[in-house]
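Keep the sequence and the 3D view side by side as you read.

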Amino acid sequence: LDFKGYTQKAIQTQLLSKVSDKIDRRQGSMIQTALGPVAWYLEGLYMLLAQVQENAYAGTAVGEYLDYVCAERNIVRKVPTPAVRQGTFNVEIPEGSMFRTINGASSVIFKSGKLINSEKDSYVYVMTCTVPGTIGNSYTGNMLPVTAVSGLTSAVLGEIKTPGSDEEDDDSL
């Protein structure tokens with residue numbers, strides 16, 4: 001079924017066509033005023049019906065509804081994975097330290113892991129994004145400490161070791 005044509009204006013026009021010609025149907029009339037909210041409400045219902053229809057098929061379902069469609073077919077979607085990156089610091093940092101990227105609204109937090117490499121005033125750690133998905137792949141550059149680290153003057157997020165992936169990018173369906 002195609003629910004796209006069921007707009008408030010189209011529904012109101014249909015409703016008004018059912019009203020007798022003996023009743024004033026002009027803009028601002030009582031019947032127009034009475035049917036306006038009904039048409040608006042029905043448009044919302046048609047939008048909900050369109051969502052239900054889209055979520056019934058694997059090709060158009062999203063989120064938990066896609067999980068339901070997959071479960072019917074004994075398929076389990078792969079979950080999104082976080083980005084694993086390299087972080088370079090001027091001092092040793094404790095494992096589990098948190099650092100925030102400085103890219104505005106897309107800012108994410110990375111958690112430090114094992115020490116990979118160390119040279120004079122350069123300590124390289126595994127950094128795992130706390131938010132799964134591709135968002136952890138996009139930023140490279142300076143980070144701000146969320147966890148206080150004594151003597152820290154430089155924290156830089158660098159090379160991607162394992163890119164984060166979103167569930168939508170997955171070919172498991």
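Start at Val131, which touches Pro82 and Val108, leaving aside residues up to four places away in sequence; contact here means heavy atoms within 4.5 Å. Before going on, a word on the ground rules. This is a predicted model, so local features need pLDDT of at least 70 and side-chain atom pairs count only at pLDDT 80 or more, while totals for chains, interfaces and linings use all residues. Residues are numbered from 1 along each chain as its sequence is written, and side-chain values use heavy atoms, with hydrogens and water left out.

Back to Val131: you'll find it in the loop between β4 and β5 (141–145). Strands (E, at least two residues) and helices (H or I, at least four) are DSSP runs, numbered from the N terminus. The scale calls a residue buried under 20% relative accessible area, exposed over 50% and partly exposed in between, using a 1.4 Å probe and protein chains only. Val156 sits 25 residues from Val131 along the chain, and their C-alpha atoms are separated by 18 Å.

Now look at the strands. They make a closed barrel of six, running β1-β4-β3-β2-β5-β6 with antiparallel pairing. Two strands pair if DSSP finds at least two bridges between them. From one strand to the next, the twist averages 45°; axes are lines fitted to C-alpha atoms, for helices over the stretch in contact, with angles running from 0 to 180 degrees between N-to-C directions.

You can follow the barrel pair by pair. Strand β3 (residues 109–119) joins β4 in the antiparallel sense over seven bridges, and there Ser112 stands opposite Met127 in β4. β2 and β5 are also antiparallel, over three bridges, with Arg100 opposite Leu144 in β5. β5 then pairs with β6 over two bridges, again antiparallel, and Asn142 stands opposite Val156 in β6.

What about the nonpolar side chains? In soluble globular proteins, nonpolar side chains tend to be buried together. Here the largest nonpolar core has 17 residues, and those with the most contacts inside it are Phe89, Phe99, Met127, Met143 and Leu152. Such a core is a set of buried Ala, Val, Leu, Ile, Met, Phe, Trp, Tyr and Cys residues joined through side-chain atoms within 4.5 Å. The elements that give two or more residues to this core are β4 (122–129) and β6 (155–162), and β4 gives the most, with four residues. Click on Met143 to see some of this in detail: not counting residues up to four places away in sequence, Met143 touches Phe89, Phe99, Arg100, Thr101, Met127, Ala155, Val156 and Leu157.

Next, the aromatic rings. A search of the whole structure finds five aromatic pairs. Rings of Phe, Tyr and Trp (its six-membered ring) pair if their centres lie within 6.5 Å; planes under 30 degrees apart count as stacked, over 60 as edge-to-face and the rest as tilted. Phe3 and Tyr46 form a tilted pair, 6.1 Å centre to centre with 40° between the planes. Phe3 lies in the segment before α1 (8–17) and Tyr46 in helix α2 (residues 30–54), so the pair ties together parts that are 43 residues apart in sequence. Phe3 is buried at 16% relative accessibility, whereas Tyr46 is partly exposed at 25%. The rings of Phe89 and Phe99 have their centres 4.8 Å apart and their planes at 45°, so this pair is tilted. Phe89 lies in strand β1 (residues 84–89) and Phe99 in strand β2 (residues 98–101), so the pair ties together parts that are 10 residues apart in sequence. Both Phe89 and Phe99 are buried. Phe3 and Tyr46 also belong to one aromatic cluster with Tyr6.

Finally, the charges. The structure holds seven salt bridges, each a side-chain nitrogen of Lys or Arg within 4 Å of a carboxyl oxygen of Asp or Glu. Among them is Asp24 with Arg26, whose closest N and O atoms are 3.0 Å apart; Asp24 is partly exposed at 37% and Arg26 is exposed at 60%. Another links Asp121 and Lys120 (3.6 Å, N to O), with Asp121 exposed at 53% and Lys120 exposed at 75%.
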